[in-house]
Amino acid sequence: MTAQAKRRNLLLDGLAQIGDAGLFLPTLLAAVPRSLRYFRETVRQLWFVGAMSLIIIMTCGLFVGMVLALQLYHVLEIFGGTASTGTVVALSVYRELGPVVTALLFAGRAGTSITAEIGLMRATDQLSAMEMMAVDPVAYVATPRFIAGIIAMPLLCCVFSAMAIFGGHLVGVTWLGIDNGTFWSNMTSNVDVWKDVIDGVIWKGLAFGTVVTLISVHQGYTTPPTSEGVAYATTRTVVASSIAILAIDFVLTAFMM
Amino acid sequence: MLGYLGHPMTDAIASPESAPAGDALVRVRGLTTRFSGRAVFDGLDLDIPRGKITAIMGPSGTGKTTLLKHITGQLAADEGELWVDGEDVARLSREGLFKLRERVGYLFQNSALLTDFDVFENVAFPLRQHTKLPEELIRDIVLTKLQAVGLRGAARLMPSELSGGMARRVALARAIVFDPMLILYDEPFVGLDPIALNQVLKLIRTLNETLGITSVLVAHELAAIQQVADRVVLIANGKVVAEGHPKEIADDGSPWTRQFFGGEPDGPVPFHYPAGDYAADLGLGETA
Ligand SMILES: Nc1ncnc2c1ncn2[C@@H]1O[C@H](COP(=O)(O)OP(=O)(O)O)[C@@H](O)[C@H]1O
Ligand SMILES: [Mg+2]
């Protein structure tokens, strides 16, 4: 196979995967009424993808906020505008860094485990066993994880953003000596709840949560039933999710501006 | 969902008496299956009588697991027809198929226990999904089934803590928890020690005798099969090549059974998966 043909194959493969995942979405959604019976399973998954991701999300949020304040302080100092540090930290976190970094971390932490878990269930015939016990594996396994991911992402975005602002405050006020009142009042007067917080954290969070969990569940559900297949599927979850997050972020931002 | 008492288990008890002699629970006609062009079944005809234990034997790779998948509608055949309890499996809707599967127990070749749950919850899983039984009753049923396979004490172990033979017995307990009308066992004796093997044989017998459950047994152990099966069907090259009473089939004189039960490499059953010329494959073709 020539390099060009190989590249074209890769491209076609990618397109086919996107199409396949798109077709998987209606299947997942159609199973939502049936999966209401498995409410407890959804709650359990919410615990796994949401609560269990809290530590990494909080730690990363804190450091992102701290480094952001540090960098911005020294840039704003040139223009004598260090009082705006809090505002700029908050705006960058709410609009971009919060949802995007949370989604990237979420894909690595929760997305991969969803793919690997479903993939292994496929490889060890557990999904067929459910089929044989007249239990629909889409409703029992796939949809609860999908719903849990969609609910968890915006919440994790909120936690990430809060921690980032806290980190910014820590560096800006506690360490570099910006006035506490200036830090907060500048921020509160320049940040808009609807345009910045809701559009950024909530809508972007929902969109990323939907896409990342769709990719994760789809990759796991359609993986070839071998250990190699599961390994590839897990890698593809991270790669595809990262690209999707950044591409969708650009489109959403363009529409929100 | 079906309530426990309305469960077809009661029908299964009644059926052996009410069914006319020679009535087949599973009827296969002209079944043809191809995997990437290679025919696994080639016009297979088979009847599995109601209330009996039928053993299916055949060289590995001959399609025994595939046949069980056809019977349960997990896999569609390319041609031919297959009825289970009078229903054409290929024409069933998804709901119809699920209704049918609630009455069929299936023991997977590799156990397929749910790794999220412990032994008890694995066996309880079908009950919890399809009934609203009170917790004490579920507990009683599950412990009875686990006792039957000798693993009541292992109820709180996770599947990862079980040996292959134990996992198989748990899977067996799960397959019979509903007292289905039909149980399909895919190689149930693999990995069992002689004691467990005897217990499992006794269990299969008891289920058949007391509840009249029809059983299909895919296995290679002729001695074990002779103890429980009413009938043996030998499948090779995509067709039924011999059938008969387990005690007699081994020496019915046909070349198929002579080769299979005698374990001879040469005969009508090829030992090798279809392949090209061996010498050519090794690169000896040109030098010779
Ligand atoms: N999903 C599949 N795709 C392609 N070939 C398959 C598939 N499942 C089974 N086969 C082939 O069908 C044949 C029968 O397999 P199987 O029913 O598992 O045999 P066995 O009698 O040992 O249980 C084998 O040659 C196997 O390679
Ligand atoms: Mg097999």
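Colleague: Which residue of chain A does Asp116(B) form a salt bridge with?

Modeller: Arg44(A), with the closest N and O atoms 2.9 Å apart. A salt bridge here is a side-chain nitrogen of Lys or Arg within 4 Å of a carboxyl oxygen of Asp or Glu. Asp116(B) lies in the loop between β6 and α4 of chain B and Arg44(A) in helix α3 (residues 39–49) of chain A, so the pair joins two chains. Helices (H or I, at least four residues) and strands (E, at least two) are DSSP runs, numbered from the N terminus.

Colleague: Before we go on, what are the ground rules?

Modeller: This is a predicted model: local features need pLDDT of at least 70, side-chain atom pairs count only at pLDDT 80 or more, and totals for chains, interfaces and linings use all residues. Side-chain values use heavy atoms, without hydrogens or water, residues are numbered from 1 along each chain as its sequence is written, and chains are lettered from A and ligands numbered from 1 in the order in which they are written.

Colleague: How many salt bridges cross the interface of chain B and chain A?

Modeller: Four by this rule. Over all chains the count is 26. Glu131(A) and Arg94(B) also meet in a salt bridge, at 3.6 Å, N to O.

Colleague: Which residues are linked with Glu131(A) in a network of salt bridges?

Modeller: Arg34(A), Asp136(A), Arg94(B) and Arg101(B).

Colleague: What area is buried between chain B and chain A?

Modeller: About 1,800 Å², with carbon and sulfur atoms giving 57% of it. Buried area is the accessible area (1.4 Å probe) that two parts lose on being put together, summed over both. Arg101(B), Asp116(B) and Gln129(B) supply 26% of what chain B buries against chain A, more than any other three residues.

Colleague: And how many residues are in contact?

Modeller: 21 residues of chain B, with 19 residues of chain A. Contact means heavy atoms within 4.5 Å.

Colleague: How many residue pairs are in polar contact between chain B and chain A?

Modeller: Eight, both residues at pLDDT 80 or more. A polar contact is a pair of N or O atoms within 3.5 Å; within protein, one must be able to donate a hydrogen and the other to accept it, and residues adjacent in sequence count only if both atoms are side-chain atoms. On the chain B side, α3, β6 and α4 each give two or more residues. α4(B) gives the most, with four residues.

Colleague: New topic. Which salt bridge does Arg156(B) make?

Modeller: One with Asp118(B), at 2.7 Å, N to O. Arg156(B) lies in the loop between α5 (135–148) and α6 (164–175) of chain B and Asp118(B) in the loop between β6 and α4, so the pair ties together parts 38 residues apart in sequence. Arg156(B) is exposed at 54%, whereas Asp118(B) is buried at 11%.

Colleague: What about the magnesium ion (ligand 2)? Which protein donors does the magnesium ion have?

Modeller: Thr65(B) through OG1 and Gln109(B) through OE1, lying 2.0 to 2.5 Å from it. Thr65(B) is in helix α2 (residues 64–71) of chain B and Gln109(B) in the loop between β6 (104–107) and α4 (119–130), so the pair ties together parts 44 residues apart in sequence. Donors are N, O and S atoms within 2.8 Å of the metal (3.2 Å for Na, K and Ca); water is not among the atoms, so sites may look incomplete.

Colleague: Last one, in chain A. Where is Val230(A) found?

Modeller: In helix α10 (residues 227–256) of chain A. Val230(A) is buried, at 8% relative accessibility. Leaving aside neighbours within four places in sequence, the contacts of Val230(A) include Ala116(A), Leu120(A) and Pro224(A). Val230(A) and Ala116(A) are 114 residues apart in sequence and 6.0 Å apart in space, C-alpha to C-alpha.

Key: Buried means under 20% relative accessible area, exposed over 50%, partly exposed in between (1.4 Å probe, protein chains only).
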